[in-house]
Amino acid sequence: MRRALAALLAALAAVTGAGAEEAPSPRPSRLLRFLGGAATGLGAHEMGHVTLDLAFGTSPRVRGVDFHGIPFFAVSHEPLPPGEEYLVSSAGFAVQNATSEWLLSGGRPLREQAAPYKKGWLAFNVMASAAYAGAAFARTGPAERDTRGMAESAAVDERWIGALVLAPALLDSYRYFRPRSKWAPWASRAAKVAMVLLVVRAANRPPDARPAAVTPRP
Ligand SMILES: [Zn+2]
C-alpha cells in the first residue's frame, strides 16, 4: 500500500512536472517577450535606415563589420548629398526616439504595466543610444557608425552628436522611473527635435561636401 502510494505520488509529480513544462512559468516567457521587444527595437532601427535609403534611390547592402572584436553588420549605400546622408544616418535614432515617445506616452505608465515586450523595446532604444553616444564621445568604433555619418554630413564635432543622442536616452530613462514628471517629456522631445533639425545645416552644405566614400552604418 505504501509502495502504491509512493508510486502514485511519483506519477503525480511527473504529471505536474510535465504540466509545468507545457505551460512554462511566467519568468522565462517574460524574458523571451522582453528579448523579443529588444529585437524589434533593433529591427526598427535598421528599417529606418533602409526605408530612407530606398526613398533616396540608393540600394542598401548588408556587410559585416567589427566593433572591438564583436562581429556586427552594417547597411551600406552609395554616397549621398549631405542633407540626405544626414537623414539616412540619423534615421535609426529617429525611429528609436519616436517609438520611445509612443512607449512612454498615454495611458498607464509603462513601469506600472506588465508589458515585457514594450519594456524590452524601450530598453533597446535607451541602451543602443547610450552605446552609440559612448562611441561618439570616444570617436571610436567602425568608421561607418551612425554618429560619424551625422557629424560629417552636418560638419559638427561628433561629440555634439553624441550629446544629442544621449540626452533623450537619459531623459526617457528618467521618464520611465518618474512617469509623472512634467518637464522631462518636453526636455526629451526638445533634444529629439534638435537632432532632426540639424538636417538643415547638412542640407545647406555643398552637395559634394561629403567625402566620396561608401558610408555603411551599423
Ligand atoms: Zn544605425
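A: **How the helices pack**

The axes of helix H4 (residues 116-138) and helix H6 (residues 158-177) come within 8 Å and cross at roughly 150 degrees. This is a predicted model, in which local features need pLDDT of at least 70 and side-chain atom pairs count only at pLDDT 80 or more, while totals for chains, interfaces and linings use all residues. Residues are numbered from 1 along each chain as its sequence is written. Helices (H or I, at least four residues) and strands (E, at least two) are DSSP runs, numbered from the N terminus. Two packed helices are described by the angle between their axes and the distance between the axes. An axis here is a line fitted to C-alpha atoms, for helices over the stretch in contact, and the angle runs from 0 to 180 degrees between N-to-C directions.

H4 and H6 are therefore roughly antiparallel to each other, given that angles over 145 degrees count as roughly antiparallel, those under 35 as roughly parallel, those from 65 to 115 as roughly perpendicular and the rest as oblique. On the H4 side, the contact includes Leu122, Val126, Ala133 and Phe137, and on the H6 side it includes Ile161, Val165, Leu166 and Tyr176; two residues are in contact if their C-beta atoms, placed from the backbone, lie within 7 Å. By class, the contact of H4 with H6 has 13 nonpolar, three polar and three charged residues. In this scheme Ala, Val, Leu, Ile, Met, Phe, Trp, Tyr, Cys and Pro count as nonpolar, Asp, Glu, Lys and Arg as charged, and the others, Gly among them, as polar.

H4 also meets H3, and the axes of H3 and H4 come within 10 Å and cross at roughly 140 degrees. H3 and H4 are therefore oblique to each other, and their crossing, too, is left-handed. Here Phe93, Gln96, Thr99, Ser100 and Leu103 in H3 meet Lys118, Trp121, Leu122, Asn125, Ala128 and Ser129 in H4. Sorted by class, this contact of H3 with H4 has five nonpolar, five polar and one charged residues.

H3 packs in turn with H5, at an angle of about 155 degrees and with their axes 8 Å apart. That makes H3 roughly antiparallel to H5, and H3 passes H5 in a left-handed crossing. The residues of H3 in this contact include Tyr86, Ser89 and Phe93, while those of H5 include Gly149, Met150 and Ala154. The contact of H3 with H5 divides into five nonpolar, five polar and two charged residues.

Not counting residues up to four places away in sequence, Tyr86 touches Met150, Ser153, Ala154, Leu198, Val199 and Ala202.

Arg139, in the loop between H4 and H5, has a phi near 45 degrees, a positive value in a residue other than glycine. With 14 C-beta neighbours inside 10 Å, Arg139 counts as partly exposed; a residue is buried if 20 or more other C-beta atoms, placed from the backbone, lie within 10 Å of its own, exposed if 12 or fewer, and partly exposed in between. Ala155 is found in the loop between H5 and H6, and its phi near 55 degrees is likewise positive in a residue other than glycine. Because Ala155 has 13 C-beta neighbours inside 10 Å, Ala155 counts as partly exposed.

Key: Left-handed = near helix turned anticlockwise from the far one by under 90°.
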